[in-house]
Amino acid sequence: MTDNSDLTELTLAQARNGLHSKDFTARELTQSYLSAMDDADELNCFISKTPDQAYDMADEADARLIKGEGRPLEGVPLGVKDLFCTQGVLTSAGSHILDGFAPRYESTVTQHLWRDGAVMLGKLNMDEFAMGSSNENSYYGPVINPWRRSGDMAKLVPGGSSGGSAAAVAARLVAAATGTDTGGSIRQPAALTGIVGMKPTWGRCSRWGIVAFASSLDQAGPLTRSVRDAAILLTSMAGHDPMDSTSIDSPVPDFERAMTGEMRGLRVGIPKEYRVDGMSDEIDSYWRQGMDWCRAAGAEIVDISLPHTHYALPAYYIVAPAEASSNLARYDGVRYGLRVDGEDITDMYERTRAEGFGDEVKRRVLMGTYVLSAGYYDAYYLKAQKVRTLIANDFAQAFDRIDLILTPTVPDAAFGLGEKSEDPISMYLNDVFTVPVNLAGLPGLSLPVGLNAQGLPLGLQLIGKALDEETLFRAGGVLEEAAGFTTVPQRWWGDV
Amino acid sequence: MSTKHPHDSGHKLIAGATGDWEVVIGLEVHAQVTSQAKLFSGASTRYGAEQNTQVSFVDAAMPGMLPVINSYCVEQAVRTGLGLKAKINTMSKFDRKNYFYPDLPQGYQISQFKYPIVGEGEVLVDLADGETVKVRIERLHLEQDAGKSIHDLHPNMSYVDLNRSGIALMEIVSMPDMRSSLEAAAYVRKLRAIVRYLGTCDGNMEQGSMRADVNVSVRRPGDPLGTRCEIKNVNSIRFISQAIEYEARRQIDIIEEGGVIKQQTRLFDSKTSTTHAMRSKEEAHDYRYFPDPDLLPLELDQAWIDAIKDSLPELPDEKKARFISDYGLSAYDAGVLVAEKDRAAFFEKVATGRDSKLASNWVTGEFFGALNKAGLSIAKTPISANQLGKLIDLISDKTVSGRIAKQVFEIMFESGGDPAQIIEENGLKQVTDLSAIESVIDKIIDAHPDKAEQVKEKPKMMGWFVGQVMQQTGGKANPQAVNQILKEKLGLN
């Protein structure tokens, strides 16, 4: 391969194979990505670029590849959501309050990636503290979706909170990226940018070293260009970690091997409650199409009911802010990050947090503080926890007679910058299909299935049993093949 | 042993201008768990290290750090619970107690709110008058300690030392079962003895290993409980007593002057021995407790609990009972001996194979007295149990008299050494050779025929002769033999 720009067109699996067969070097591949990144500053995907580190890691990868000692991700260039602590590299969580914070430790998930030979290209933009569905809540400015409506120059959001990760993967600026998903933050941006996003079972990936938003919901996962890539990346990311007490001590399968290309004997549940008002006809039609693809691959379609779905979003917007209000208390200006001096300690706290946090973060800290307050705890937090149990029970009962669930990922395609940012509720509704999965701690995978009339990608979501990511990769591979979605955003940025 | 019912009144009443008052006291004791590592991190707990040298990323609440429970601390809490004869909860949960303070890096303390690891138990408290009071334990839970703010290093800044941040504490909450400062002090002493016996807390209050929040209210005997005030963080037994004395009097004065007690958190000032208001109930923090989502519920295996139970050492109450029955000690002497584990162990070493009453008298009398006078702990004793035992042997076999033994003891305490050798070197061996004593007595009678006559009329004068014999034998003559021979020679039989 002589034209190195073509290297960025390769999926992670193709790049891995090409590296192993020495079609090109890790340095060449890394160089291609670094130059694509520099050419895409308009998309604002990166908070930090780490070219020096990338070349060092690529050279080490090449040395190993020459010796035939390549590891599973040897030489594969990745982007890392800026929520993962990376040693010696600014880790901002998209927030002003973490100004200058370069951790002295590396998150478990990224440690796993480097252990397996991956190359770090940089840290990806995101909604501040992973709070948002449009990536407009970043202190470092919004990320722009590489997709645009046909014949329309209007800038669209990439979704969020892993908006930088999704946009960078869609725009071919990284081979794949890590993200985190608390209420849909991997799957929703994946759907809005035409890529694959996987949120594994809560506890599958260690949360150690990931800046916490809502601990009982947060989970790391991959954003990739194909289901196979997601399987490969998750295999490396996952694994028990004694440093995270909620990490599940269960062996990690080689997820790629789960992709058998058929769905024979699988029973696929279609929850009637997911047919919501305001869902586009196009989404509905792709959903039906998805059912047909499942049948064609040997699966059976089963109508199911998840009766408490309606309560998921309100429950989520109590539980997540409650945990966040406590998790974010440590950003007080005392030990790291931003400090705005004040008259006394309380004044210093107030000034630091007033300046350091953006509006959405403040909104959620306020909500969370309120719902945990004496006299309100039972009415809000406790009730939300009960709803959460009911939602988990809904899924558990459904899974008695089915193997997985098929739903849309998001009610509609990507929307314009600023279109929903004044209306938090309509923004929150973007997560209506993804949030119940987090509340129940289940794995969910979003994959692109086609374009709407405006030329924007749409996604379907597969929901699996706890620790049964394998069935999602198996079914996801089939749907991906059937959908044959190969469209990439037409490049309008940089040196066109 | 008489056990007073916790709600008996009329025990220790305080006289007021309008009649008698009863003070009601409950204590929340914070006891630092004896453990090499902190409750949720591997950082060291060593006391006295340079500031901020024992701080892990978890203790400093760096972003993305997660707590991992230290199972040894859990074991220590269970052991303590068993020592308090309390119910061990096989399921407990950790909650976050949210508040802002510079020495609380996470912005919350991980504690146990709704589901503590240990439930109800009891402590039997021995009072100086021989009475025993039962104090019920409401609960014991595990929690993290905070760091330390240092305010005197800079004119307008404070510094923070996080060495303590994350150290495991047991909060031991009593029922309001104490009725005087004496009872409260005795309760803390007993609690301290129990945790020291168990090895679950070193009980060193001066190092902050144990401190108490003291809840005090007053009422007329027989009335329902009054409004209480909580005195925070009192760090010595003496201060606990003083705080209670002051606080009870303050509350009585307010009520007798027609006032009403407001529920308050107060602080004790050790310089003035008074308490002053810190914040009212209305100003109390809303801690917004909720289950810590970073930690799963703590589930304990009953067999594991049973194994800890089987490994418990003998505790003060059992040891006291055994000292009474095995060594024939009085309840008082036994109580004094078992109050501290190493004292009890010292006594047992001395008493084993010897006259236990003699051993008890020597240990609790001369020995403890000398230690107290020298301000020494038993760990620093200049006389070993073996040496003291040998001295007692020399009394029993009449090598020395009790009086001479006290001289030997003093020499041993001052400069150490083997008692037999000290006796030998100083020629303190008791003269039991009757002919030697006889010849001394004969000489004295010969020299003082007038006194030998007078003594027949006034037998009390024999004391003068004894004194003379002792003087001339350097106190080494066996006193019984001296008495016996004198009586014979002076014809006093």
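This is a predicted model: local features need pLDDT of at least 70, side-chain atom pairs count only at pLDDT 80 or more; totals for chains, interfaces and linings use all residues.
How are α6(B) and α8(B) oriented to each other? Residues are numbered from 1 along each chain as its sequence is written, and chains are lettered from A and ligands numbered from 1 in the order in which they are written.

**View 1. Helices α6 and α8 of chain B pack against each other.** Axes are lines fitted to C-alpha atoms, for helices over the stretch in contact, and angles run from 0 to 180 degrees between N-to-C directions. The two helices are therefore oblique to each other, a word used for angles that are not under 35 degrees (roughly parallel), over 145 (roughly antiparallel) or 65 to 115 (roughly perpendicular). Asp333(B), Val336(B) and Leu337(B) of α6(B) make the contact with Ser360(B), Val363(B) and Thr364(B) of α8(B), where contact means C-beta atoms, placed from the backbone, within 7 Å.

**View 2. Chain A holds an open sheet of eleven strands.** The strand order is β1-β3-β2-β4-β6-β5-β10-β11-β9-β7-β8, with mixed pairing, and two strands pair if DSSP finds at least two bridges between them. At the edges are β1 (46–49) and β8 (300–304) of chain A, each of which pairs on one side only, and the twist averages 25° from one strand to the next. Strands β2 (residues 77–81) and β4 (residues 176–180) of chain A pair in the parallel sense over two bridges, and the bridge partner of Leu78(A) in β4(A) is Ala176(A).

**View 3. Helix α8 of chain A lies across strands of the sheet.** Helix α8 (residues 281–296) of chain A lies across β7 (267–271), β8, β9 (404–408), β10 (444–451) and β11 (457–464) of chain A, and runs at about 50° to β11(A). Helix α15 (residues 469–483) of chain A also packs on the sheet, touching β9, β10 and β11 of chain A, and its direction makes about 5° with that of β10(A).

**View 4. Chain A touches chain B.** Here 34 residues of chain A are in contact with 26 residues of chain B. On the side of chain A, α9 (312–327) and α10 (345–356) each supply at least two residues, and the largest share, three residues, comes from α9(A).

Note on methods
Helices (H or I, at least four residues) and strands (E, at least two) are DSSP runs, numbered from the N terminus. Two residues are in contact if their C-beta atoms, placed from the backbone, lie within 7 Å.
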